Amino acid sequence: MDMSQYKALFLSESREYLRTIAEQVVALEQSPADRSAIDALFRGAHSLKGMAASMEYGDVVVVAHSMEDLMARVRDGALPFGAGVADLLLEGVDLIDALLQDVEEERPSSLPTDGYAARLASYVPAPEKKAKKPDEAPKAAPTAAEPAQASEPAPAAEAERAKESTTELGGTVRVKTELLDHLINLTGELVTNKQRLLSIGRELASPALNDAVSETSKLLRALHDEVMKVRLMPFEAISDRFQRSVRAVAKKSGKEINFELTGREIGLDRGVLEQLVDPLNHILRNAVDHGIEDGEERERAGKPARGLVKLSVSRDRDRIHITVRDDGRGMEPQSMIEAAVRKGLITPEEGELLSPRQALMLSCIPGFSTAKEVTDISGRGVGMDAVNAAIAKLGGTLGIESEPGQGTSITLKLPLTIAIIHALLVQCGQIKTAIPVNAVQRTVELSRRQIETVGRRQMFQLDDESIPLLSLNRVLGLPLGRFPDGILPLFVTEAKGRRVGMVVDRLLGQHELFVKRLGRPLDGMAGVAGGATLGDGEIVTILDISELL
Amino acid sequence: MTAERLLVFSVGRELFALNLTEVCEVMEPQQSYPFAGAPPYYLGLINFHGNLTALLDFAQYLGAGSRPLPGKLLVIDTKLAHLALKVDAVGSIIDAQSITGATRSEEPLIEALLETPQGNLRLVRLETLLSSLEDDLRAAAPKSAPGGN
């Protein structure tokens with residue numbers, strides 16, 4: 001029988017199982033007596049083995065079978081669930097993931113699986129581990145003391161299994177992601193066309209046409225929302241990596257960490273989700289490596305020895321908030337300023353002007369790092385600027401709050417979708433261009449009298465803050481504007497933690513734009529995030545201001 | 001020479017050719033919209049069936065100087081790039097069999113100099129053109145500058 005038609009389904013389902021297994025392994029480490037998680041892990045390995053066997057992927061069967069056997073020993077009380085078991089299971093997850101990659105790319109597997117299987121079969125936990133962590137012994141004991149229940153599934157596990165089958169049979173279908181991309185593209189084209197109809201309606205001054213366009217707009221908004229919902233993927237599609245990366249960093253730095261994740265069910269656009277893995281991994285690694293103190297230091301400060309890192313995802317209307325909060329040592333704005341001055345990133349005078357919030361944002365300047373020791377875990381101070389740039393590219397913002405001694409929280413605010421955005425349209429010379437509204441704090445029409453010259457810089461006052469002026473024309477290499485009436489239109493944005501006024505020739509208002517990628521060769525152009533067609537057919541580029549400045 | 005069929009076009013009194021599979025459409029000139037931060041041989045962006053496509057004045061790019069001709073637009077296959085070349089004129093499609101002689105060119109952009117009944121052709125190496133355009137864009141990246149207007 002030709003099984004190739006089932007390959008894609010096998011791959012996506014297997015990867016879902018792997019994700020669940022990895023999550024449950026990490027969760028079980030924190031509560032090793034969780035009976036339903038032990039059962040679910042066993043079932044996950046068992047199902048994976050069954051699927052691989054029906055597709056005749058022998059290597060996957062060998063690995064999944066060994067994992068299932070190991071879990072059976074845990075389930076039957078013959079083996080306590082400890083760090084050693086967790087390591088082996090996670091190694092198995094990685095091994096199967098690599099094997100699936102081979103299956104997907106239709107290449108013969110070169111990964112040896114026998115050695116892994118043999119290690120699992122003969123695994124005996126090292127006795128000294130228990131001696132190191134006496135507090136874990138009572139937690140592990142109930143697992144060992146429940147062999148009688150092992151042969152029958154626990155009621156909770158039964159209920160969970162029933163829930164799973166209901167979901168599977170609940171009228172869902174699997175759809176290729178290209179089809180969803182195509183749907184959002186068509187919706188985007190319709191949004192562009194709606195703008196065109198609006199322009200024609202204004203020219204013709206026809207009430208009937210305007211009514212029809214207005215109705216179309218409402219339907220289009222509903223269609224867009226529905227298409228977006230279809231494209232949303234739950235945050236948990238990427239969250240298992242974070243649990244594992246926190247675990248790995250904690251282990252490497254010898255710290256004990258509780259990792260909590262909330263909002264795993266919150267949906268984000270596939271395009272946004274894919275771009276979040278690296279930035280969030282970096283923030284989490286930083287939190288564990290630099291944020292959380294070691295056990296002794298924490299106890300001296302009256303904190304529990306085990307540190308806490310929370311990753312929470314929530315939705316606020318059309319934006320997603322992702323917060324990484326730790327209960328570690330926190331950051332001191334003043335020491336951030338001193339470090340930035342010492343490194344020559346800002347002058348002492350500039351440092352004095354910074355608010356505490358701005359001082360914390362100094363960590364996003366390239367080359368900034370206040371870590372006393374550079375470690376191989378969270379890099380060499382080159383990370384937070386890249387994180388900030390990646391979030392800005394997604395149309396999001398990054399905010400830092402910190403209380404010395406209490407911990408730090410970093411919040412990312414992201415759009416639900418990166419396909420359709422609101423942008424401020426501006427005119428610079430002969431060119432119209434767009435700036436996503438998330439990068440625009442406000443627009444100002446400034447009289448020349450309000451401009452002060454400080455050294456070589458031109459500044460103006462806004463909310464009791466002295467803000468430097470830059471010319472967007474000049475940044476873009478265009479002729480400078482004239483402003484015969486003495487009024488300079490500008491928008492205020494943030495660059496490197498400081499507010500900046502960007503002078504343009506004209507502010508043309510806010511527009512809803514369907515963002516398109518520019519493809520080769522313009523894709524690699526610095527400071528350009530994409531392009532869009534306006535209602536009258538005119539094409540504009542969408543600027544990435546943080547990359548330009 | 002691997003291409004089976006070539007599209008012949010002219011720029012600044014010279015004949016060029018592209019592998020036909022690399023071109024998806026020949027169009028009449030259409031309105032383009034300028035954008036900032038790119039070298040001057042970019043005429044702007046055009047809308048090609050919904051794809052935002054960079055329009056390159058190929059004569060200016062080659063340093064041959066623009067000729068006062070309406071010209072034609074060669075749209076590169078959208079799977080390879082979002083790029084259209086403005087050329088002076090588009091000639092015929094020729095079979096590889098009609099090539100009577102080929103010599104290597106020392107210019108990186110030109111894959112070979114071909115002798116054909118239509119005349120001598122310069123076969124453009126598209127990947128080199130795209131990489132070179134990308135390098136130029138990186139070199140032309142806008143720089144931040146202090147001061148108001």
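What percentage of the contacts in chain B with a separation of 6 or more comes from residues 24 or more positions apart? The share is 55%, with contact meaning heavy atoms within 4.5 Å.

This is a predicted model, in which local features need pLDDT of at least 70, side-chain atom pairs count only at pLDDT 80 or more, and totals for chains, interfaces and linings use all residues. Residues are numbered from 1 along each chain as its sequence is written, chains are lettered from A and ligands numbered from 1 in the order in which they are written, and side-chain values use heavy atoms, with hydrogens and water left out.

**View 1. Chain B as a whole.**
Chain B has two helices and 11 strands. Helices (H or I, at least four residues) and strands (E, at least two) are DSSP runs, numbered from the N terminus. Along the sequence the pattern reads β-β-β-β-β-α-β-β-β-β-β-β-α. Chain B has 149 residues, and 50% of them count as buried. Buried means under 20% relative accessible area, exposed over 50%, and partly exposed in between (1.4 Å probe, protein chains only).

**View 2. The five-stranded sheet of chain B.**
This open sheet runs in the order β3-β6-β7-β5-β4, with mixed pairing. Two strands pair if DSSP finds at least two bridges between them. The edges are β3 (23-27) and β4 (42-48) of chain B; each has a single partner strand, so one side of each is left without a neighbour in the sheet. On average, neighbouring strands of this sheet are turned by 30° against each other, direction ignored. Axes are lines fitted to C-alpha atoms, for helices over the stretch in contact, and angles run from 0 to 180 degrees between N-to-C directions.

**View 3. A strand pair and a helix in chain B.**
β4(B) and strand β5 (residues 51-57) of chain B run antiparallel, joined by six bridges. Opposite Phe48(B) stands Asn51(B) in β5(B). Helix α2 (residues 126-139) of chain B lies across β4, β5, β6 (72-76) and β7 (83-87) of chain B. The angle between this helix and β7(B) is about 100°.

**View 4. The six-stranded sheet of chain A.**
The strand order in this open sheet is β10-β14-β15-β13-β12-β11, and the pairing is mixed. β10 (442-447) and β11 (452-454) of chain A stand at the edges with a single partner strand each, so one side of each is left without a neighbour in the sheet. Neighbouring strands here are turned by 45° against each other on average, direction ignored. Strand β14 (residues 487-495) of chain A pairs with strand β15 (residues 498-503) of chain A in the antiparallel sense, over six bridges. Glu494(A) has Arg499(A) in β15(A) as its bridge partner. In a regular strand the side chains alternate between the two faces of the sheet.

**View 5. Strand β4 of chain A and two partners.**
Strand β2 (residues 257-262) of chain A runs parallel to strand β4 (residues 307-316) of chain A, with six bridges between them. Here Thr262(A) stands opposite Ser312(A) in β4(A). β4(A) is also joined by eight bridges to strand β5 (residues 319-326) of chain A, and these two run antiparallel. Leu311(A) faces Val324(A) in β5(A) across this pairing.

**View 6. Helices α1 and α2 of chain A.**
Helix α1 (residues 7-30) and helix α2 (residues 35-54) of chain A have axes that come within 9 Å and cross at roughly 155°. That makes α1(A) roughly antiparallel to α2(A). Angles under 35 degrees count as roughly parallel, over 145 as roughly antiparallel, 65 to 115 as roughly perpendicular and the rest as oblique. The contact of α1(A) with α2(A) has 14 nonpolar, four polar and one charged residues. Ala, Val, Leu, Ile, Met, Phe, Trp, Tyr, Cys and Pro count as nonpolar, Asp, Glu, Lys and Arg as charged, and the others, Gly among them, as polar.

Helix α3 (residues 58-75) and helix α4 (residues 83-104) of chain A pack at about 160°, with axes 10 Å apart. α3(A) and α4(A) are therefore roughly antiparallel to each other. Their contact has 14 nonpolar, one polar and one charged residues. The axes of α4(A) and helix α5 (residues 114-121) of chain A come within 11 Å and cross at roughly 160°. In that contact, residues of α4(A) including Leu88(A) and Glu91(A) meet Tyr116(A), Arg119(A) and Leu120(A) in α5(A).
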